[in-house]
Amino acid sequence: MPTQDFDLDELAAYLHLTPPQVEKLANRDDIPGRKVAGKWKFARADIHHWLEHRIGVFDDSELQRVEGVLDRHGKHEEPVRISDMLHESTIKIPITSRSPRKVITEICDVAMQAGYLWDEPKMIDAVMQRENMHSTALDNGVALLHPRRPLPTIISEGFLAMGRTYQGIPFGGSRGILTDVFFLIGSIDDPSHLRTLARLSRIINDSTLLSGIRNADHADEVLDLIRDREDAI
């Protein structure tokens, strides 16, 4: 993603809002920005993290809108398919670790063994730094692990890895809910990360799917469940 700031009109176009709507959000501090010589400027990295946080708390209708915004922004790219980014070789059931760092290490090792991750220690440290900033654990018992910024030099392509513990573990969720399903997102750039995050969030925003994942014993069962859910939305 380019490093220059958005101005008001550019951010409005990016978010598919009107400039007055964006200005209202900025004036209320609901979106990160700053005024320079009386004009609003918005750092792209700040907007990325703002969207990332919002995606984590949106309901399905809001996720659908955000996914549409991101897909229109990436109109020259193929639609994100979670079932194409996740593979039997990047799914591990069960994950036996019982602490956050060990869980992250175990899932990163799965990705490395499958050939999608080249520098496991660097990814582990980056994901841990992101978790220390703010946990990616959601109230449905799922954590969406990722580094603060994509690390394209240590991955072969965009990928997902997944693991499930047989018992939930404390993972820093806002309400103390235990976490037992973990996805690791490996993206090549900020736009693809946000599109993957939005798509994955829509898929896991379904209690029937999560029950199926929690009852699955094999990777192919998980892939079938995710493929069916993705085809239905």
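Reader: How many bridges join S6 to strand S7, and in which sense do they run?

Author: Strands here are DSSP runs of E with at least two residues, helices are runs of H or I with at least four residues, and both are numbered from the N terminus. Two strands pair if DSSP finds at least two bridges between them. In this predicted model, S6 and strand S7 (residues 179-186) run antiparallel and are joined by seven bridges. One place to look is Phe 159, whose bridge partner in S7 is Gly 186.

Reader: Before we go on, what should I keep in mind about the model and its numbering?

Author: Residues are numbered from 1 along each chain as its sequence is written, and side-chain values use heavy atoms, with hydrogens and water left out. As this is a predicted model, local features need pLDDT of at least 70 and side-chain atom pairs count only at pLDDT 80 or more, while totals for chains, interfaces and linings use all residues.

Reader: Thanks! Which sense describes the pairing of strand S4 with S6, parallel or antiparallel?

Author: Strand S4 (residues 86-92) pairs with S6 in the parallel sense, over three bridges. There, Leu 86 has Leu 160 of S6 as its bridge partner.

Reader: Why is S6 described as largely enclosed?

Author: Buried means under 20% relative accessible area, exposed over 50%, and partly exposed in between, with a 1.4 Å probe and protein chains only. Strand S6 (residues 159-169) has eight of its eleven residues buried, so the rest of the structure largely encloses it.

Reader: What is the strand order in the open sheet of three strands?

Author: The order is S1-S3-S2, with antiparallel pairing. Two bridges link S1 to strand S3 (residues 39-42), and Phe 6 has Phe 42 as its bridge partner in S3.

Reader: Which residues have the most contacts inside the largest nonpolar core?

Author: A nonpolar core is a set of buried Ala, Val, Leu, Ile, Met, Phe, Trp, Tyr and Cys residues joined through side-chain atoms within 4.5 Å. The largest one has 44 residues, and Leu 11, Ile 31, Phe 42, Leu 144 and Phe 183 have the most contacts inside it. Helix H8 (residues 190-204) contributes the most, six residues. Domain 1 (5-56) and domain 2 (82-232), with bounds from an automatic or database domain assignment, both give residues to this core, so it lies between them.
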